[in-house]
Amino acid sequence: MSVPTHRRRFAAIALASVAVLATATACGDDSSDSGKSDGPVTLVVDVFGDQGFGYDELYKQYEAEHPNVKIQERGKGLGLGDYNTRLTQQITAGSGAGDVVALEEGTIVQFYAQADRFVNLADHGANDLKGNFLPWKWEQGTTPDGKVLGLGTDVGSMALCYRSDLFKAAGLPTDREQVAALWPTWDQFIATGQKFAAADKKHKFVDSATNFYNVVLMQIAGQGTGYTYYDKSNKLVIDQNPDVKSAYDLTTKMIAAGLSNNLQSFSNEWNAGFKNGTFATIACPAWMTGVIKGQAGDAAAGKWDIAKAPGNGGNWGGSFLGVPKSSKHQKEAAALAKFLTSAKGQTEAFKKVGNLPSSPQALADPAVVDSTNDYFSKAPVGKIFAAGASDLKPVYLGPKNNAVRTAVENTLRAVEQGKSADEQWQAALKNGAAAGK
Amino acid sequence: MSLDLHAAAPPDHARGGRPAHRRRTSFTRLDLKYSPYLYVLPFFVIFAVFSAYPIAYTVWIALTDRSPLNATISFVGLDNFVELITDDPQFWNAVVNTFGMFVLSTVPQLMLALVLANALNRKLRAQTFFRMAIAMPIITSTAVVALIFSMLYAKDFGLVNWALDTIGVDPIDWRANRFASWFAISTMVDWRWVGYNALIYLAAMQSISKDMYEAAALDGASRRRQFWSITIPQLRPTIIFTLIISTIGGLQLFTEPLLFTSGSGGLSGGSEGQFQTITMYLLDVMNQRFRWGYAGAVALVLFLLIALMSTVNYLLARRISSDK
C-alpha cells in the first residue's frame, strides 16, 4: 500500500516538473503589461555605440510629461556590428526587439526588405513631420514604396579632428582656419602629412586607412554617382563605380606615403592609440567627437581641435529610430520616437554626445550653431558641422553594404601590412563580390 | 453466523472494494510501465528542443535560400553545397586554416600532456601542488585567455615582440603573417588545454598495474623503454578519447581566433583571412551576409568534416598503439 503511494507521489512530481518545464518555455514574455494606453507602459529603447545616443535627460523629461510611461534603454556600449546582428535576428523572429530601435544609415536599407515587420510611422502622423528633417535624411528613412521605416536622429557630416600640440611640435600651423587652408584637397592633405612625417618620426599622421577611406568614399560618392558598392537598383557595382576606385587609390597613396598608424578601427589598439596619442589626425564625422572624448579621456582635453575636412562636404553615419511591429505599445512607441527625433530632442542629444541633428530647425537653433566644444579647444563645432549638413547630397547604400565594406576594408588593412595595392584591389573586387552575393 | 459472514465476506469485499482496488492496481501497472519514461522525459524534451529540432532545421534550411533579406523562402536543392564545394575559395581558406591550427595546436598539446603526466606520475615533492597547478588554466575563461594573449602578441607594445627584440629579432606582426597568427593562436589553445589532457593521462597512468613496471624493471628495461612499451599501449583508449575530444574542439575553434583581433571585422580573421576558421566563416556568412541557407550548408559540411577526422584519428590511434 505504501509503495504505490510513494510511486504515485513520484509520478506526480515528475509530471509536475515536466509541466513546469513546458510552461517555462512557453511564457518567456512578461504579459503583465496590457495593450491599453491608460495603464502603465514600459517602453524599451534599443541603441548602440560606446556613448549611446545621449537620451538620458530626454527620457526623464518624457516620463515626467507622461506619468504612465516608463522608459528603459538597452545597448549602450554595444558595437554596431553586434547590435545589428541581434536586431536582425529579433526582427526576423518577431520578438525580443525593443519598442523603439535605432537603425543605422548603413544598415537601414537591409530592413527595407522587412518593412512589413516595422510599424509604418506614416500611420502615426509621421508625414506631418516631413519638414522636420533634411530632405535626404527623410528619404533614407522611407522605403521605396513610401513606408516610413524610421525617423532621422543624427547625420554624420564631416570634419577633420587633429592634435594641435603635435601640429605645433611639427612646425605646422595650429589655428583651425590655417589648418583647413593646408588641405583644400585630399592630395594636399597627404602632402601635409608628409611634411608632418618628416618633422615627427614618433607619431603617425592618420589613425587608420579604413577611417580615411570611408570618409573619402562617402564624400566622393556624394558628389559623384550618389552610391557606393550598390547602385540604386541594388546591383553590386563595386567594379564599375569609379568613385570606389578613386577613394581606394587615394587611400593606398596615403598608406604608401607612410602616414597610417595601421590601427584597426574600433579595436583595442585603436582605443589605446587615442590614449597614448599615437596619431595626429582622424577623419571626423560629428559622432566621432564623442568617440574621441570617450577614448582619449580628460588627459587629452584641449589637445584636440577640429578643422574643415579636405574636399567638399560629405556624410558618414547617422541613424534613425523605428518601431518594430512586435512592440505591444506601438502607439506609445511611435510617440516616443517622434519626441526623441524632434528638433528639441536632437538638440539635446547634440549637447550630450555631439551627434549632429538631422532636423533643419535644430541645425538653425543657436544652441547648435553657436555651440562650442570645450574638449576640442572650444572649437565652434556647430558652425563646422552644420555648415555642410544642409546641402549634403545623400549616398545610397545597398542591402549588404556592411558586409561588402568589411571585405574592402580588410584588403586596405592588408595594404597597411605591406601587401601590394594592385593585388589587394583585385582581392577587394573578388571578396566584395562574394560578400555581396 | 460467523461462517455466514465468512462466506458472505469475499463477494461483499469483492463487490465493495473491487473498483477502488482495480483502479489502484491499474494505476500501479501504468505507473510501473510508463513512469520511467516520464523520469527521462525532461532530458529528451530539452534534447528535442535544443538539439534535434535545430539539427533537423539546419538540414532543411541548407536546402533553401532563406535570408532575412528575402521576402520568400525558396527551395534550392543542393545548390548551396555545390557552390560551397566548387566555388568558394574563402570557405576552403577557412578549412585550411582550421586544419593548420588544429595540427599545430593538437600535436604539441597531446605530446606535452603525455610528458607532463609522466613526470607527475613519479614521486615528486609537492606533488599535489604541481597537479593542481597544471589544471588551473582550465578554470579561466577562454575570452580572458584570448584577450590577454592578444595583448602579449600585440604588434606595437606586445610582450612577445619586446622579448624578441631583446634577443635581436625583428618584431613580428602576428596578425599579418599567416603562420605567425596560427602559432599565436595555437599557444592560446595549448596553454588552456595541456593541463586538462595531462590530468586525464595521469589518471589513466595511475590505473596501470605497478606489477608490469616492476617486471619490466627486473628484466632491465629502462624508464624510456617502460614508457614506450607499457605506458603508451596501456593508455591507448585514453589517447583515442583525448584525440577525438581535441578533434571536435580543434575543428570548432572560434573564440581564440575571433578575439585575436578586436574592433570591426573580427569575423574576417585577419586582413586576408589568415586565421579565419570554419566556424568564423559560418557566422560571417550568417550574420554579415545574411545567407542563412548557405550558412546551414557550411554547418553541415563542418559536421561531416569532424566526423571524418574523428574516424581517421581513431583508426590512426588504434594502429599506433597496437604495433607494440
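Author: Happy to; we'll go through each chain, then the contacts and the core. Keep in mind that this is a predicted model.

Reader: Great. How many helices and strands are in chain A?

Author: Chain A has 19 helices and 11 strands.

Reader: And chain B, what's the count there?

Author: Chain B has 13 helices and 0 strands. Following the sequence, the pattern is α-α-α-α-α-α-α-α-α-α-α-α-α.

Reader: Is chain B compact or spread out?

Author: Chain B is more spread out than a compact globule, because its radius of gyration is 30 Å, well over the 20 Å that the globule rule gives for 324 residues. Its C-alpha trace spans about 115 × 75 × 40 Å along the principal axes.

Reader: How about the radius of gyration of chain A?

Author: For chain A it is 25 Å, which agrees with the value near 22 Å that a compact globule of 437 residues would have. The C-alpha trace of chain A spans about 95 × 50 × 45 Å along its principal axes.

Reader: What share of each chain counts as buried?

Author: In chain A, 52% of the 437 residues count as buried. In chain B, 31% of the 324 residues do.

Reader: Nice. Which domains does chain A have?

Author: The domain assignment gives domain 1 (41–154 + 318–369) and domain 2 (159–315 + 374–435) of chain A. Taken over C-alpha atoms, the centres of domain 1 and domain 2 of chain A are 27 Å apart.

Reader: And how many residues are in contact between them?

Author: In chain A, 23 residues of domain 1 are in contact with 23 residues of domain 2. On the domain 1 side, the elements that give two or more residues are α4 (105–112), α5 (135–140), α15 (360–364) and α16 (366–369) of chain A. The largest share of that side, 5 residues, comes from α4(A). By class, the domain 1 side has 10 nonpolar, 9 polar and 4 charged residues.

Reader: Now the strands. Which strands pair with β6(A)?

Author: β6(A) pairs with strand β8 (residues 279–284) of chain A in the antiparallel sense, over 4 bridges. β6(A) also pairs antiparallel with strand β9 (residues 304–308) of chain A, over 5 bridges. To find these pairings on screen, look for L160(A) opposite A283(A) in β8(A), and R163(A) opposite W304(A) in β9(A).

Reader: Are the faces of β6(A) covered or open?

Author: Both faces are covered: A159(A), C161(A) and R163(A) on one side are buried, and so are L160(A) and Y162(A) on the other. In a regular strand the side chains alternate between the two faces of the sheet.

Reader: What is the order of the strands in the open sheet?

Author: The order is β2-β1-β3-β10-β4 (chain A), with mixed pairing. β2 (69–74) and β4 (151–152) of chain A stand at the edges, each with a single partner strand, so one side of each has no neighbour in the sheet. β4(A) pairs antiparallel with strand β10 (residues 319–322) of chain A over 2 bridges, and G152(A) stands opposite F320(A) there.

Reader: Last topic: which residues touch the most other members of the largest nonpolar core?

Author: Of its 126 residues, those are V100(A), A159(A), C161(A), V216(A), I306(A) and A337(A). Helix α9 (residues 209–223) of chain A provides the largest share of this core, 9 residues.

Reader: Where does this core lie?

Author: Domain 1 and domain 2 of chain A both give residues to this core, so it lies between them. Further along in the sequence, A337(A) touches V100(A), L151(A), L321(A) and V323(A), leaving out residues up to four places away. A second, separate core of 53 residues includes F149(B), A198(B), L235(B) and L302(B).

Note on methods. Residues are numbered from 1 along each chain as its sequence is written. Chains are lettered from A and ligands numbered from 1 in the order in which they are written. This is a predicted model: local features need pLDDT of at least 70, side-chain atom pairs count only at pLDDT 80 or more; totals for chains, interfaces and linings use all residues. Domain bounds come from an automatic or database domain assignment. Two residues are in contact if their C-beta atoms, placed from the backbone, lie within 7 Å. Ala, Val, Leu, Ile, Met, Phe, Trp, Tyr, Cys and Pro count as nonpolar, Asp, Glu, Lys and Arg as charged, and the others, Gly among them, as polar. A residue is buried if 20 or more other C-beta atoms lie within 10 Å of its own, exposed if 12 or fewer, and partly exposed in between; C-beta atoms are placed from the backbone. Two strands pair if DSSP finds at least two bridges between them. The radius of gyration is taken over C-alpha atoms; the globule rule is 2.2 Å times the number of residues to the power 0.38. A nonpolar core is a set of buried Ala, Val, Leu, Ile, Met, Phe, Trp, Tyr and Cys residues joined through C-beta atoms within 7 Å.
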